[in-house]
Amino acid sequence: MSTTTTITYDDTSVRRFMSASIIWGLVGMLVGVIIATQLSWWQMNGKFIEAISFGAFKGDGISFLTFGRLRPLHTNAVIFAFVGNMVFAGIYYSTQRLCKVRMASDFLSNLHFWGWQLIIVAAAITLPAGLTRGKEYAELIWPINIAVTVIWVVFAINFFWTLAKRNEPSLYVALWFYIATIVTVAMLYIVNHLSLPTSLTHSYPIFGGLQDGLVQWWYGHNAVAFFLTTPVLGIMYYFLPKAANKPVYSYRLSIVHFWSLVFIYIWAGPHHLLNTDLPRWLQNLGMLFSLMLWAPSWGGMLNGLLTLRGAWAQLRTDPVIKFFVAGITFYGMATFEGPLLSIRAVNALSHYTDWTIGHVHAGALGWNGFMAAGLFYWLAPRLWKTKLWSQSLANMHFWIGLVGILLYVVAMWSAGIMQGLMLGEANPGGATLKYKFVETLESIHIFYFLRSVGGFFYLIGFGLCAFNIWKTARSGVATNDTAEVVVLERTRKDRAGLGETLISDPIAHIVLGIAFTILWFFLPPHADKAALIVAIALGYKGVMAFRKSGGGWSRWHDSLLENYIPFTILVFIAVAVGGASQIIPSLVVNRDKNIEGRLQELYTPLELAGRDLYVAEGCYNCHSQMIRTLVPDVMRYGRAGKLDDYSHLGESIYDHPYQWGSKRTGPDLAREGGELVTGAKYMRSGKRGNDWHFNHFLNPRQTSPGSNMPAYPWLFEDKADLKALPGKIAAQVRIGVPWPALNQHEILDMAQVQALEIADSLIAAKVYLPDKPELQGLALRDQLAASKFVALTAYLQKIGAYREITKDQPAEPSMLNPDSHRRPEKVPAATTQAH
Amino acid sequence: MTRTPNTESTTTIAMSDSSTSGPKLGEYAREKGEVVLRPHEFDGIQEYDQKLPNWWLFTFYGAVVFTVIYWTVYYHTNLLKTDHQIVQEAISIVEKARQEDLVKALASIDDSKLVSVWAADPSIVAAGQATYSTNCTACHGADLSATMEVAGKKAPLPGLPLNDHQWKYGGKPMDLFKLINAGTPPDSPGHNGAKMQAWGQTLSPKQIAELTAYIIAKVPDDFKAYAAGTTN
């Protein structure tokens, strides 16, 4: 017969993760407020120190305080440190209770906690130092990537081991979401961080150009999905019914929205690259799956809000419910806005503007931040066996936070829509655009200010939360709960064989249905229609089988929930399908076949060094290198007389990492570079001369009045790291960049010659450094030639350089390229006069 | 949405369930057509089994149907143009408008008109000055000297000075207009390797003519010869 036993839950880990989340949350949000003010006042990039140190410090900027370096710190801190630790706290607390067992291994719990904090500290040091991979939310350098992977595996082992030891036959819905989180984040993280190291702190991603962009946003989008959404939904499913003391609204809604969410989410990544040169079939998938994602996302919101039916009175009295309700409402808002922004026509306006920033902050501040606050206020009294220190302070936090979010989001909507409209506005007659880029930036200045205020309010609110939790903890005693549990007999649990669970009617119908749907995307004309018909027939047959089974499918799912291994395998398959369908064809097809008539000119060694500096300084945080296939983009950034001067795939094919960007706080740079200067061996000159860049990096407002770009005085002092070039070039060759055979001396000679060409052109233009006017002639030339500035300028003068390749024929019809199946159309007369 | 669970009745059900002999909770409710409260509880959390709201289901189905329709229309008809077609067609219209504007402008101005009419009109010169200060000062300086004051010293700017009476690419008023419009000629090595962009892409011919008038007005001596009535 069954035996009972007393277990003690490991609440120490929960307390630790929660405290860490609060501390890192404060840090991450503070950095957020600082970088928000940097967009309003360029002096916040370091010059302000001059004022607060009463002149003891002198300078126009400090490298490690610039927006380009701090913005990755902000995003990484709030995502991985704040939400990460919050999610771990929630998972550790609820998993033990839902499994009626203590976490499997205290050693692993400790290792997980301390390992994760160490990673965060390492990130906080390396990111401001300019050590970065240059891919958003994936900036951390490779040794830290390995540490993250190891610690994630530690967490996974600890979690699944706990599931294996559980004294509860079935898995509650919260656990499904935790499982999806662990499995999917591991998959995304590993693939997007595949890189080849060139030194202890630097590496090149193995993917380049389009492929890197696609993998990056498959990761980036689903980091939002599986790091910021699914685990927090799991937390909602446990803590909301607990706090409201109500049953969850609908079990079957849980099932339907869980599976549709994890399956569909993965496909939506390309919506971050809409209207770029990403192949149209990927854009179509990104848009359509985003629209299909709307309902599954709202399923979670419904199950949350409707659980509270009959409990609305608590909204007035209980801060926990208040935060949960507002958080879930923001989730609903953000997941409605997401599909909206994924419509290609809407995205044409919104992309690269602050609308996107407003959207993510509705999610981050509203959903993640408020769910975290609700969780903390619920947990703290229980973890320290006391009452919440102050209800009214928590209410104050709620209102000040809410006002902060609304200010923030409305300011960003206004800024984004206004700037988007201004950028597209043409002069009467339509031949020229009305506004210069910097004019659109100046017009949204007020919104940037309001955004900083909103963010500051939110930070204050969170500070109140931290104080309240701290006082609560001080007023109580840290206690680990104990519980009397019935030890589960091991007869049935997890014993259903894999085959028995997976080979079943529901799986057969769903897997075949999805397989034929995917064939419909990829098969050539007519065959694809057949596949669609089969898929629809399978869907119909599935519905019939479901009806006829008399609850058989439900019983099957119930039995699946008692077998965590088959469940996990199914989750993995569901999340793997989308990425595989998009990425594998792109890896196979798009490398050399699909360059659209333009092939990128290889960088010279000095240009490569400059490019690495561009990445290290985080220029991609504000500058795109992607002229979208949109009229205002081509008018603004394309060259005169060219009809097709949007970015072509081949132009960035050798870029590791790709630098298409995701936000334009400054203008696009895709056509910044230009031709070789007459008589020069390597030196090029693009839209602007070397001396323009000289003035611009010293004082962006001199060349572009109204600019909010930081000054970069250290670029003129610091030496570019040319010695690393032979190793970097060797690594580039290994990941497929066709560098010519060069030995170490040739590489350094080339770099030296080009650096001197640029330095000489600057000397000829009679430049001098404002803080060292006495430095002239050869001495100045030598300092400049060795400087980071010259390397970076060499790169800027090269961006976008390409060779025309004989017009490629319309792509051969190919299984892996649905676009090639489109009925061939007449070539418009326009293209013939394009060049 | 219509089936609001009655809290009291569910409590009763839950209690009746605790007696082991009673009917299965879910089955009982299903037979009665009531909202099902699932029998199992997880750490005290119970779950209803409400039907999925219809409007929610139709949102989902609607998006799926839209996907099928959109994909089919895009790949099996030519009703939707490709992005490349759309942009190229639109830009060719823009280019045409630009050419027409230029042809019209060139027909309406010449050397003497720029000097005697355009540069003599203060409102035109003021408009030209406004265009100059937003677009040109970064390289040619606010005072046309292609320098700026930095730390008490005259620092050079990237452009050529416009007040030194040297006109590298031709000194006629229309040479200025054409140079601004088309940028540094492709066969020129540029100034220190740098070339001026083709402003005709950003500015309208009228703005360029105003700009030319502004420059003429700032260094009138260089262009006196072209004024109406003088022979040249």
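**Two chains, one interface: a walk through the model**

Let's start where the chains meet: 66 residues of chain B are in contact with 75 residues of chain A. Keep in mind that this is a predicted model.

Which elements of chain B give two or more residues to the side that touches chain A? They are α3 (54–76), α4 (83–108), α7 (137–140), β1 (147–150) and β2 (153–156) of chain B. The largest share comes from α4(B), with 14 residues. By class, the side of chain B that touches chain A divides into 33 nonpolar, 22 polar and 11 charged residues.

Staying with chain B for a moment. It has 9 helices and 2 strands. Along the sequence, the pattern runs α-α-α-α-α-α-α-β-β-α-α. Of the 232 residues in chain B, 34% count as buried. Now take the contacts in chain B with a separation of 6 or more: residues 24 or more positions apart account for 50% of them.

Now chain A. Here we have 31 helices and 8 strands. Buried residues make up 57% of its 835 residues. Contacts next, between residues at least 6 apart in sequence. In chain A, 82% of these join residues at least 24 apart.

What about overall dimensions? The C-alpha atoms of chain A fill a box of roughly 90 × 75 × 55 Å along the principal axes. The radius of gyration of chain A is 28 Å. That agrees with a compact globule, because a globule with 835 residues would have a radius of gyration near 28 Å.

On to the domains of chain A. The domain assignment gives three entries: domain 1 (4–486), domain 2 (498–589) and domain 3 (598–804). Let me focus on domain 1 and domain 3 of chain A. Their C-alpha centres lie 34 Å apart. How many residues are in contact across that pair? On the domain 1 side, 44; on the domain 3 side, 50.

Look at the domain 1 side of that contact. α3 (67–99), β3 (203–205), α7 (209–244), α14 (391–424) and α15 (437–443) of chain A each supply at least two residues. α3(A) gives the largest share, 5 residues. By class, this side has 16 nonpolar, 19 polar and 9 charged residues.

Next, the inside. In soluble globular proteins, nonpolar side chains tend to be buried together. In this model, the largest nonpolar core has 256 residues. Which residues have the most contacts inside this core? F376(A) and L379(A). The largest share of the core comes from α7(A), with 22 residues. Zoom in on L379(A). Leave aside its neighbours within four places in sequence, and L379(A) is in contact with V14(A), M18(A), A89(A) and Y93(A). There is also a second, separate core, of 34 residues. It includes L114(B), Y132(B), C136(B) and A217(B).

Last stop: the strand at residues 4–8 of chain A, β1(A). Is this strand covered or hardly covered? Hardly covered: of its 5 residues, the count of buried ones is 0. Its partner is β4(A), residues 482–486. The two strands pair in the antiparallel sense, over 5 bridges. One bridge to find on screen: T4(A) has V486(A) in β4(A) as its partner.

To recap, then. Between the chains, α4(B) gives the largest share of chain B's side. Between domain 1 and domain 3 of chain A, α3(A) gives the largest share of the domain 1 side.

Conventions:
Residues numbered from 1 in each chain as written. Chains lettered and ligands numbered in written order. Predicted model: local features only at pLDDT ≥ 70, side-chain atom pairs only at ≥ 80, totals over all residues. Domains from an automatic or database assignment. Contact = placed C-beta atoms within 7 Å. Helix = DSSP H or I, 4+ residues; strand = E, 2+ residues; numbered from the N terminus. Nonpolar A, V, L, I, M, F, W, Y, C, P; charged D, E, K, R; others polar. Rg over C-alpha atoms; globule rule 2.2 N^0.38 Å. Buried ≥ 20, exposed ≤ 12 C-beta atoms within 10 Å, placed from the backbone. Core = buried A, V, L, I, M, F, W, Y, C linked by C-beta atoms within 7 Å. Pairing = 2+ DSSP bridges.
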